[in-house]
Amino acid sequence: MNTREIIRRAGGPLKVAKAVGRHHATVIGWRRVPAEHVRTVSRMSGLSPHIIRPDVFGADAADERGAA
């Protein structure tokens, strides 16, 4: 999923920035959500950490079942 869409679902760059203790311009510049902030962004967006950063958290088991 696109990082911009993930941030939008989490309430936007300003809300995410406040939640993770960063400047909103930093959040806007993210190409990927940093691993240390994935759990916070996951709670805010309602998206699984596996969707946000599959390279760190692995493939979601539900996604694997659907692909079979």
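## Notebook: contacts, burial and a pocket in a predicted model

**Entry 1: His37.** I began with His37, which, leaving aside its neighbours within four places in sequence, is in contact with Val20, Arg22 and Trp30; contact means heavy atoms within 4.5 Å. I noted that the model is predicted, that local features need pLDDT of at least 70, that side-chain atom pairs count only at pLDDT 80 or more, and that totals for chains, interfaces and linings use all residues. Residues are numbered from 1 along each chain as its sequence is written, and side-chain values use heavy atoms, with hydrogens and water left out.

I located His37 in the loop between helix H3 (24–28) and H4. Helices are DSSP runs (H or I, at least four residues), as strands are (E, at least two), numbered from the N terminus. His37 counts as buried because its relative accessibility is 9%; buried means under 20% relative accessible area, exposed over 50%, and partly exposed in between (1.4 Å probe, protein chains only).

**Entry 2: Arg22.** Arg22 has a relative accessible area of 43%, so I recorded it as partly exposed. Not counting residues up to four places away in sequence, Arg22 touches Ala17 and His37.

**Entry 3: Ser45.** Which helix holds Ser45? I found Ser45 in helix H4 (residues 38–45). Ser45 counts as buried because its relative accessibility is 13%. With neighbours within four places in sequence set aside, its contacts are Ile6, Arg9, Ala10 and Ile52. Arg9 is 36 residues from Ser45 along the chain, yet their C-alpha atoms are separated by 4.9 Å. I also noted that the side chain of Ser45 reaches the backbone nitrogen of Leu47 at 3.2 Å. A polar contact is a pair of N or O atoms within 3.5 Å; within protein, one must be able to donate a hydrogen and the other to accept it, and residues adjacent in sequence count only if both atoms are side-chain atoms.

**Entry 4: Arg53.** Is Arg53 buried or exposed? Arg53 is buried, because its relative accessible area is 8%. Its place is in the loop between helix H5 (49–52) and helix H6 (54–57). A polar atom of the Arg53 side chain lies 2.7 Å from the backbone oxygen of Val33. Val33 is also among the residues that Arg53 touches, along with Arg32, Pro34, Ala35, Val38 and Gly58, not counting residues up to four places away in sequence.

**Entry 5: the largest pocket.** I looked up the residues that line the largest pocket: Thr3, Arg4, Ile7, Arg8, Pro13, Val27, Ile28 and Trp30. Helix H1 (3–9) and H3 are the elements that give two or more residues to this lining. H1 supplies the largest share, four residues.

**Entry 6: the whole protein.** I counted seven helices and zero strands in the protein. Of its 68 residues, 34% count as buried. Of the contacts with a separation of 6 or more, residues 24 or more positions apart account for 30%.

The protein averages a pLDDT of 91, and 88% of the residues score at least 70. Over residues 64–68 the pLDDT is below 50, and beyond near neighbours in sequence this stretch has one contact in the model. The pLDDT is the predictor's confidence in each residue, from 0 to 100. Where pLDDT is low, the predicted coordinates should not be read in detail.

Methods:
1 Å grid on protein atoms, 1.4 Å probe; cavity = no way out; pocket = protein on both sides within 12 Å on 5 of 7 lines; lining within 4 Å.
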